[in-house]
Amino acid sequence: MGYNIAVIAGDGTGPEVVREGLKVFAAAADRAGFTYELQEYDFGAARYLRTGETLPESALDELAKYDAILLGAIGHPDVPPGVLEQGILLKLRFALDLYINLRPVKLLPGAWTPIKGKGPADIDFVVVRENTEGLYASTGGFLRKGTPDEIAVQESVNTRKGVERCIRYAFDYANRDDRRGELTLCGKTNVLTYAWDLWWRAFNEIGDADYGHIRRDYAHVDAICMWFLKNPEWFDVIVTDNMFGDIITDLAAMVQGGMGVAAGGNLHPGKVSMFEPMGGSAPKYEGMNVINPLAAIAAVGMMLDYLGQPEAAVWVEGGMAHAISQMDSLAAGQMGMGTSDVGDVVARFVAEGS
Ligand code: IPM
Ligand code: MN
């Protein structure tokens, strides 16, 4: 069985961390006995600065045919903010209808968390973020723009279908063997009374009808920020909208040891899905072999799980913990070993189990 993987290494340190991710993927393929083909795409700042093009329309049809996409990072100081984010990352999410943003938040053994007194037993939850609607739908507009009386309206779009498919995915996730069977809805029912009324009703109706065995809970988004720091052990699976999910997953990334280890998946279950490290392109570290590749390696672990290789995903996590035990720090430039060394350690562990 062969997988077809598209690789968008991107800008800055993206190519360096993707290289290590693919090293680990190759080791996993060898051991698990599957084959694959890679196709690289050069979307990112360099191509944009050369051609003015972010993502050609034809690329979307082509990318839709892969089993998965591995994305390094996009972003460059010479490109105005928003151009590449809108033109590549958000465009892929919308055009490929990648309606789930999945963010596992797990403190691996040996990884440092800023939360005093909490360890790996306390920090192990998953955020399911809606990825195609809400404030990211980009509806609204200006009135009297540029005058003293100007008005800017930015609307949050919440369709019953979009909310339902996200909530169902989250319930199914909470039902997995490796979860505890608890789902928390994170919203703002006390203030945003249209959007969160819809979410609340959908959450409870779907839960009552089809997931009676999953324990349900609710937390306001502001309160969940407090609890992520105070009681992260309370959480198993969390479901929320696009904007709240964006914010709480950056907080969660710090709780799990920082951007050096945080990865996410942009999913359309059953179709092409895209996996990425959360850390950005970090241009100041480009080409120095000092960036932490573990987040990209974690993205590869998620990709393996998505492709139907959950055992290989477990090997990758074991390899990450093994690497962490040899590293001085998870921060770029302070790891005590190079980017490629970290990849070598994880790949060897995946290949040999030690
Ligand atoms: C993320 C990022 C993106 C987002 C940006 C780069 C558009 O912050 O994946 O969380 O806001 O969704
Ligand atoms: Mn974000």
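This report describes the domains, the sheet and the ligand surroundings of a predicted model.

## Basis of the description

The model is predicted, so local features need pLDDT of at least 70 and side-chain atom pairs count only at pLDDT 80 or more, while totals for chains, interfaces and linings use all residues. Residues are numbered from 1 along each chain as its sequence is written, chains are lettered from A and ligands numbered from 1 in the order in which they are written, and side-chain values use heavy atoms, with hydrogens and water left out.

## Domains

The chain is divided into domain 1 (1-101 + 261-354) and domain 2 (113-256); these bounds come from an automatic or database domain assignment. Taken over C-alpha atoms, the centres of domain 1 and domain 2 are 24 Å apart. Their contact (heavy atoms within 4.5 Å) takes 15 residues from domain 1 and 14 residues from domain 2.

## The sheet

An open sheet of mixed pairing is formed by 10 strands, in the order E2-E1-E3-E12-E11-E4-E5-E10-E8-E9. Strands (E, at least two residues) and helices (H or I, at least four residues) are DSSP runs, numbered from the N terminus, and two strands pair if DSSP finds at least two bridges between them. Strand E2 (35-41) and strand E9 (215-220) are the edge strands, each pairing on one side only. From one strand to the next, the twist averages 20°; angles run from 0 to 180 degrees between N-to-C directions, with axes fitted to C-alpha atoms, for helices over the stretch in contact.

Helix H7 (residues 221-230) packs on the sheet, where it touches strand E5 (124-130), strand E8 (182-187), E9 and strand E10 (237-240). The direction of H7 makes about 100° with that of E9. Elsewhere in the sheet, strand E4 (residues 100-106) and strand E11 (residues 263-267) run antiparallel and are joined by 3 bridges. Ile100 has Leu267 of E11 as its bridge partner.

## Surroundings of ligand 1

Glu85, Leu89, Arg93, Arg129, Tyr136 and Asp246 surround ligand 1, each with a heavy atom within 4 Å of the ligand. Polar contacts are pairs of N or O atoms within 3.5 Å; within protein, one must be able to donate a hydrogen and the other to accept it, and residues adjacent in sequence count only if both atoms are side-chain atoms. An oxygen atom of ligand 1 lies 2.7 Å from a polar side-chain atom of Arg93. For the side chain of Arg129, an N or O atom is 2.8 Å from an oxygen atom of ligand 1, and for that of Asp246 the distance is 2.9 Å.
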